[in-house]
Amino acid sequence: MKLEQTLKDRIKNLDWDQINHTLHDKGFVIVKQVLDEKSCDILIGDYEADAYRKTVNMERYRFGYGEYKYYKYPLPAVITDLRESVYPHIVPVANAWMRELGIDKQFPETHEEMKQLSHEAGQIKPTALILQYATGGFNTLHQDLYGEVYFPIQMVFTLDQHNSDYTGGEFVLTEQIPRAQSKANVLTPDMGDMVLFTTNFRPVKGSKGYYRVNMKHGVSPVHSGKRHSLGIIFHDALS
């Protein structure tokens with residue numbers, strides 16, 4: 001219980017003005033040391049536990065090379081705390097993106113209300129997941145939409161230490177450039193770091209106002225060791 005409260009306090013005390021400024025302008029931001037080492041170790045240690053509703057072999061579906069598992073409800077307390085505590089801080093960015101792009105949509109203030117929107121659309125399956133990659137593992141570029149109702153920002157936590165537990169395996173974000181090739185952003189977050197990033201697109205201001213830039217994310221090949229990450233999406237899925 002003490003650990004959960006400490007996590008909530010840590011999230012509350014983050015510099016959300018600066019975080020949201022970067023998130024709004026770039027479509028992503030790294031926030032250092034949100035999860036402590038003990039929390040990361042517990043999540044990895046539970047990989048073989050009966051806490052999941054679905055296991056996906058990535059190679060089978062040509063999603064990459066590795067494995068991920070979707071958690072089932074009720075979610076582990078740390079994941080519930082992360083979804084409920086982070087969401088209210090980033091929903092202003094999501095709503096600003098909708099206004100700037102002229103999209104007639106505004107998201108509710110609390111995660112419980114956001115989850116209810118998903119469920120009303122028949123999206124009742126939890127989307128929080130843990131991913132595991134061994135040497136050679138990677139994740140192809142994709143978007144995590146899961147249905148018609150989706151929140152435009154999501155987050156991922158690296159659970160191992162880059163260049164210690166594994167090498168390679170960088171987090172990659174690509175963004176569409178008008179009338180040009182896509183731009184790649186390559187990130188190397190440390191253990192416990194939170195990466196907030198767009199689920200689908202972000203607005204970019206041009207000479208004639210804002211225009212939409214589509215973005216995708218993935219993981220580059222792991223060169224050695226084993227890599228785990230925790231993905232948290234704020235909307236639920238159809239299946």
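User: What makes two rings an aromatic pair in this predicted model?

Analyst: Rings of Phe, Tyr and Trp pair if their centres lie within 6.5 Å. On that criterion, a search of the whole predicted structure finds ten aromatic pairs.

User: Why is the pair of Y52 and Y71 called tilted?

Analyst: The centres of Y52 and Y71 are 4.9 Å apart and the planes make an angle of 50°. Planes under 30 degrees apart count as stacked and those over 60 as edge-to-face, so an angle of 50° leaves tilted. Y52 lies in strand β2 and Y71 in strand β4, so this pair ties together parts 19 residues apart in sequence. Both Y52 and Y71 are buried.

User: What makes Y87 and F151 a tilted pair?

Analyst: Their ring centres are 4.8 Å apart and their planes stand at 40°, so the pair is tilted. Y87 belongs to helix α4 and F151 to the loop between β6 and β7, so parts 64 residues apart in sequence are tied together.

User: How do you know whether Y87 and F151 are buried or exposed?

Analyst: Buried means under 20% relative accessible area. Y87 has 0%, so Y87 is buried. F151 also has 0% and is therefore buried.

User: Which aromatic cluster includes Y87 and F151?

Analyst: Y87 and F151 form one aromatic cluster together with F107 and F234.

User: Why is the contact between D81 and K8 called a salt bridge?

Analyst: The closest N and O atoms of D81 and K8 are 3.8 Å apart. The cut-off is 4 Å between a side-chain nitrogen of Lys or Arg and a carboxyl oxygen of Asp or Glu, so the D81 and K8 pair qualifies. D81 lies in helix α4 (residues 77-100) and K8 in helix α1 (residues 2-12), so the bridge ties together parts 73 residues apart in sequence. By this rule the count comes to nine salt bridges.

User: Why is D81 called buried, and what is K8 called?

Analyst: D81 has 7% relative accessibility, which is under 20%, so D81 counts as buried. K8 has 33%, which falls between 20% and 50%, so K8 is partly exposed.

User: What makes D50 exposed, and how does K72 count?

Analyst: Exposed means over 50% relative accessible area, and D50 reaches 66%, so D50 counts as exposed. K72, at 29%, is partly exposed. The side chains of D50 and K72 meet in a salt bridge, at 3.5 Å from N to O.

User: How do you know that E175 and K183 form a salt bridge?

Analyst: The closest N and O atoms of E175 and K183 are 4.0 Å apart. The criterion is within 4 Å, so the pair counts. E175 is buried at 5% relative accessibility, whereas K183 is partly exposed at 42%.

User: Why is K69 said to sit over the ring of Y47?

Analyst: The charged end of K69 is 4.2 Å from the ring centre of Y47. The distance limit is 6 Å, so K69 meets that part of the rule. K105 lies over the face of Y150, at 5.7 Å from the ring centre.

User: How many residues of the lining of the largest pocket are nonpolar, polar and charged?

Analyst: The lining divides into 19 nonpolar, ten polar and three charged residues. The largest pocket has a volume of about 510 Å³. Of its 32 lining residues, the closest to the centre are Y68, L129, H142, D144 and Y146. The largest share of the lining, five residues, comes from β15.

Definitions and conventions
Residues numbered from 1 in each chain as written. Predicted model: local features only at pLDDT ≥ 70, side-chain atom pairs only at ≥ 80, totals over all residues. Heavy atoms only, no water. 1 Å grid on protein atoms, 1.4 Å probe; cavity = no way out; pocket = protein on both sides within 12 Å on 5 of 7 lines; lining within 4 Å. Points joined across faces, edges and corners; volume = space filled by probe spheres on them. Helix = DSSP H or I, 4+ residues; strand = E, 2+ residues; numbered from the N terminus. Nonpolar A, V, L, I, M, F, W, Y, C, P; charged D, E, K, R; others polar. Buried < 20%, exposed > 50% of the residue type's maximum accessible area, 1.4 Å probe, protein only. Phe/Tyr/Trp six-rings, centres within 6.5 Å; stacked < 30°, edge-to-face > 60°. Lys NZ or Arg CZ within 6 Å of the ring centre and 35° of its normal.
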